[in-house]
Amino acid sequence: MKIIVCIKQVPDTKGGVKFNPDGTLDRASMLAIMNPDDKAGLEAALRIKDEMGAEVTVITMGLPKAEEALREAMAMGADKAILITDRVLGGADTWATSSTVAAGIRNLEYDLIITGRQAIDGDTAQVGPQIAEHLDIPVISYAEDIRVEGDSVIVKRQYEDRYHEVKAKMPCLITALSELNVPRYMTPGGIFDAYDKEVTVWGRKDLKDLDDGDIGLAGSPTKIAKASDKVRKGAGERVNFGTAESVEYIFDKLKEKHII
């Protein structure tokens with residue numbers, strides 16, 4: 001069984017974000033981590049590998065530094081890693097990103113593709129389903145649980161205050177929630193092994209079935225109108241009342257804001 005896991009190196013938003021003049025994220029200057037939903041998807045693939053045997057390949061599109069996230073994935077237990085990187089691919093929106101990643105996946109054999117539900121830097125939840133559309137395979141999103149039975153996958157899919165249980169024949173694509181599991185830690189031996197392995201690097205020339213009009217900033221139909229850092233909240237209002245007056249004051253404020 002061959003599983004492909006799509007991961008993304010994203011800015012560590014706890015440290016703040018920076019923007020380029022064109023409104024895109026300045027990824028090169030920020031601390032980066034593996035996207036949490038993607039890490040849960042990787043853990044799901046590794047559990048299938050542990051249970052029934054599988055070859056797990058991780059793939060990402062990004063700057064050369066995204067190799068760090070791929071090495072982390074291999075240290076956790078992934079078998080192979082592929083980095084798609086090229087200047088002409090920079091500034092891609094979800095359409096251009098999914099088109100590029102799908103073109104890379106077409107170079108590979110796969111039974112199952114797992115992506116995160118969404119990335120913390122964009123929060124669109126579009127890339128996974130778009131990849132499935134490009135590849136013309138079924139997609140099951142918002143996975144809370146995954147199990148493999150024969151040539152099919154059965155997924156517990158989050159849905160508002162309940163869940164769906166959905167079955168699909170492979171090949172198919174699943175988008176994973178961070179709540180799907182608790183990802184394993186890297187092991188010392190895994191880290192050493194990860195840095196002994198080679199990361200395959202593909203550029204534009206390695207993506208055959210891909211139109212130049214669907215890549216990079218120029219091929220992105222979504223344009224950023226404005227971007228800014230997080231707006232700081234004001235200092236607020238401080239008052240000094242007795243107990244009864246304080247309660248009355250709070251209720252008046254809640255009514256004023258139509259909360260009650």
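Predicted model: local features only at pLDDT ≥ 70, side-chain atom pairs only at ≥ 80, totals over all residues.
Since 5 of the 5 residues of β6 (residues 112-116) are buried, the strand is largely enclosed by the rest of the structure.

Let's step back to the whole protein. The chain folds into 6 helices and 11 strands, and its C-alpha trace spans about 70 × 45 × 40 Å along the principal axes. Of the 260 residues, 40% are buried.

Next, let's turn to charged side chains. Side chains of opposite charge can pair when their charged atoms come close. How many salt bridges does a search of the whole structure find? The count is 18. In one of them, R106 meets D209 at 3.6 Å, N to O. This pair links distant parts of the chain, 103 residues apart: R106 is in the loop between α3 (94-105) and β6, while D209 is in the loop between β11 (200-202) and α6. R106 is partly exposed, with a relative accessible area of 34%, whereas D209 is exposed at 53%.

Another salt bridge brings together E165 and R147, at 3.8 Å from N to O. E165 lies in strand β9 (residues 162-169) and R147 in strand β7, so this pair ties together parts that are 18 residues apart in sequence. There is also a network of salt bridges, which links E43, R47, D50 and R184.

R147 and R47 turn up again in the lining of the second largest pocket, whose other lining residues include A44, I48 and L180. The elements giving two or more residues to this lining are α1 (36-52) and β7 (139-149). The space inside comes to about 220 Å³.

Finally, visit the surface. Which residues make a nonpolar patch there? V247, F251, I259 and I260 do, and the patch covers about 390 Å². I259 is found in the segment after α6 (243-256). With a relative accessibility of 56%, I259 counts as exposed, because the cut-off for that word is over 50%.

Key
Residues numbered from 1 in each chain as written. Heavy atoms only, no water. Buried < 20%, exposed > 50% of the residue type's maximum accessible area, 1.4 Å probe, protein only. Helix = DSSP H or I, 4+ residues; strand = E, 2+ residues; numbered from the N terminus. Patch = residues over 30% accessible without salt bridge, like charges linked within 9 Å, V, L, I, M, F, W, Y side chains within 5 Å. Areas by Shrake-Rupley, 256 points an atom, 1.4 Å probe, with all protein chains shown as cover. Salt bridge = Lys/Arg side-chain N within 4 Å of Asp/Glu carboxyl O. 1 Å grid on protein atoms, 1.4 Å probe; cavity = no way out; pocket = protein on both sides within 12 Å on 5 of 7 lines; lining within 4 Å. Points joined across faces, edges and corners; volume = space filled by probe spheres on them.
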